[in-house]
Amino acid sequence: MPGAPESPAGELSSLQRGHLRYFPVVPGRLEFAAAVRRELLANRPGVVAVELPAWLQPFYMEALDRLPQFSVVVYPEGGESERGVYVVVEPADPFVEALRTAQEIGAELLFLEPNAIDRPHLPDLYPDSHSLRSILLDQYIEAYRLFPQARNDEINDHAAGMAWRLQGTDSTKPTTVVLSLNLFDAVLDAMEKPQDPPRDRKDLTAELVNPHPDCLAEISQEYPFLQERYEHYRALMGDDARVDRRRVQYELLKEAERNYLAQTGDAIAHWQRRMMARYTRNLAMLENQLVAGLFDLTVAARAVVDDNYAWEVWHAANSYAWQDEHTPLETLNLSAEEVYLHSRRMRLRRRLPRKKQRLMPRGLKERPKEKHPGEWAEQLDGNSICSYPPEDLVIEDYGKFLRERAKTILREERVRVEPFTTSVHDGIDIRETIRNWHEGKIYVRKFERLSGDVGAVVVIFDEDPLDRYTYMTTWLGEHQNESDMAYYATQPFDHLVGPGIGRAEYGGFLMVLPPRRMFDVWNDPDYDFAESKPERLLMAALDYSVERHVVYVAAKPPRSIFRSIAAHLNRQIIYIPIGQLSPTKLKKLRVVHVLDSHERRKVAKDFLW
Amino acid sequence: MIVEIDGVPLHLAHPDALSVKWVGQEEVMRQLLAAWLVVDERDIPMNPRLVGKPGVGKTTLAYAAASRLSREIYIMQATVDTRPEDLIVQPVIEGPGQLRYVASPLVTAMLRGGIVILDEGNRMSEKSWASLAPLLDTRRYVESIVAGIKIQAHPLFRLVATMNDDSSTFDLPEYIHSRLQPQILIDFPERDEELSILRENLPFAEDKMLEYVTDFLQQAHNNEERFTVRDGINIGRYAIKLMTTLDARADFTHAVRFSIDKVLGEEALRYARRP
């Protein structure tokens, strides 16, 4: 932590007023939670006063007992109002940390906010708290105070109510006052004169609920992955590199990368990591932040890689080891902006609305989940397998596209450009004519005729040196327009995405028309000469193709001996480097879903992503 | 305007001026502006592509974002016939034995520090994209084979490509794909945003009618139809014209339903509320 002291004790000397020691914080930010804890552990005050509503004290105390699990206090805005307010009790919030540490050091607790009114809404634009890693806490606070918030009567009343409570504290007991930075000056001013007790509100009811583990990323101020790190860190208060946002962000992206590789078989390229770093930096800068938040990380993951990676980032950020779905409290999913509490609908707003708080990026589809682990595996039939027809159509279309592409390559190889003599052949070549303008000649193009058509298509995504693709099968077309196919893939039923629906990635495949002619390629002794799975597929392609040309798409061209074999069979291999094709299309194509019976086709679309 | 590069006079193109306004969906605007941001003179801007269904407002967004930066804007429409020389420098015969070199809107933007919108870039072949490869990485230049010159981009030059996610497209190979990053997806707008867009484009329409068209569009989006707000604007515009010619007492829903039928076909009526 360069430049930042281990304890802020010396930093805040200017904020000591008699027995009161003010500790202004940015709500919800981890760096301030850590700073509050350091302060309280260093000074061990007799009283800790926090800017929280006094009437919510019992609910907070109950929620503190539940930590490290998240809790949410939900209450109606007033009486029978349809609108509700929710307050998340989360580990990395400085107010929660103040209460928690106060309990640990045996300090008295004082809840400062008056009951009569809700907290006034103040513009919530703080400098990024990550800057505390480079500057001192009092520098941060003083810099913020140079541009104070505009005040109104509502803010003054609220500050007066808090000041009234502080004025009633025992002056013999050192008291640390933890309050929001944006209310700090208003409270200091209100402390200058004696205050009257604030009005009380009668109809105060609230409820403590357990937020569902899936919704934590949407409701928490800091994403759960970061809070989990904080929870480990606060116990020891050791090396705070553990909670360095950038480092945690890096670890989050690496974890998402690992999951992405396991789920899709695709690795993140170096250029994508670099691009994401630049893009998240820019997104954060436009928000006047130093480090991107979870929303921007997810946006960048989608923009630079794809939706699946974005989902993995979101999913990893949402992981929090301690949150349990089954607790004595009612569990609610607060992902939406509304919630049904005892069958009563409430439209929710956060108590401390944060401008930059955004929900999951739009269009990021949720994936279906099992009701209990192993639910889908229990439904495996095991009697037969079949493909998913929409994927068949996509792959057939791609086969057609590759055949056309191969023809274009062959045609382009057969174009000749020559000076015009007697015939313009297939038209004037403008570029060549202008290039040789000084000669005063006209150049013409001549396409030579293409003999033979394109038949079999082999696509190799991965040559499989590590033997990852152990599922090798040959399946026959179901109708005259569907190719026979031989492929090697990962084991589909090791990775279930729905009941009896397995997801695999192709390592490579062979497609050939007309259908219903192919024997089991993988056990055909004629191809035992092949040294690898791609070679076996290529041998079969040369064997089964009824047309002269065979397309071979891979990262590397086949061994030269295959040219001889092809020539011997009167076939020609057209090699297309895989890098010449669209990576987005290839990614879509690479996934194959295997269904364990024809019945599954009816429900498959609900489970595929 | 003529500039001279390595002794070759180049005739520049004119910037475009459209009257468009981006309504709602500030988030995608932010994403686009973030892609263009540079933080240091050693930093280089990204070359984003806007992807979405036809009619969701990709070009409008690109234009509106470029307008916010107060720069000259050049729109270049890509087609299947767009060749490398169309993108860079075109030779035009000026007289007997005389050639004039004309800079494309893209090269003009490069020279003048403007912003170029390469519209419907996915309709352009790989060969044409390949000529832009050095422009899209750290080199930031293009080479004109016909004029025999190398043109370096101004530091303020920015590029954005728009692409439809339909099938009438060429495939982008990996080396182009990795240079056209980030990919910003423009989805259908939320109900409130869609209503605002319709209101902005049809300021003379009654609120009731705009609500009706918005409901129709939202219903279609929920059913994964490809109808967009552009269709909604056309429907509204036609319905208003119909209402001025029909009996003024006629219910607007009849006019809108008739308009839906004519603009999108009878099948689309299933998403429209019955009168």
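Why does A:Val424 count as partly exposed? A:Val424 has a relative accessibility of 43%, so it falls in that class (buried is under 20% relative accessible area, exposed over 50%, partly exposed in between, with a 1.4 Å probe and protein chains only). The views below come from a predicted model, in which local features need pLDDT of at least 70, side-chain atom pairs count only at pLDDT 80 or more, and totals for chains, interfaces and linings use all residues. Residues are numbered from 1 along each chain as its sequence is written, chains are lettered from A in the order in which they are written, and side-chain values use heavy atoms, leaving out hydrogens and water.

**View 1. A nonpolar surface patch around A:Val424.** A:Val424 sits in the loop that runs from strand 12 (415-419) to helix 15 (430-435) of chain A (helices, H or I of at least four residues, and strands, E of at least two, are DSSP runs numbered from the N terminus). Together with A:Phe420, A:Ile428, A:Ile430 and A:Ile442, A:Val424 makes a patch of about 430 Å². Patch residues have over 30% relative accessible area and no salt bridge; nonpolar side chains (Val, Leu, Ile, Met, Phe, Trp, Tyr) are joined within 5 Å, like charges within 9 Å. Areas come from the Shrake-Rupley method with a 1.4 Å probe, and for residues only the protein chains shown count as cover.

**View 2. The contact between chain A and chain B.** Chain A contributes 34 residues and chain B 39 residues, where contact means heavy atoms within 4.5 Å. About 3,100 Å² is buried between the two chains, 56% of it from carbon and sulfur atoms; this is the accessible area (1.4 Å probe) lost on putting the parts together, summed over both. The chains share 4 salt bridges (a side-chain nitrogen of Lys or Arg within 4 Å of a carboxyl oxygen of Asp or Glu). A:Arg405 pairs with B:Glu126 in a salt bridge whose closest N and O atoms are 3.3 Å apart.

**View 3. The surroundings of B:Tyr63 in chain B.** B:Tyr63 belongs to helix 2 (residues 58-68) and counts as buried because its relative accessibility is 7%. Beyond four places in sequence, its contacts include B:Asp16, B:Ala17, B:Ile73 and B:Ile117.

**View 4. Helix 7 of chain B and its packing.** In helix 7 (residues 191-201), the buried residues are B:Glu193, B:Glu194, B:Leu195, B:Ile197 and B:Leu198. These residues pack against helix 8 (207-222) and helix 9 (229-245) of chain B.
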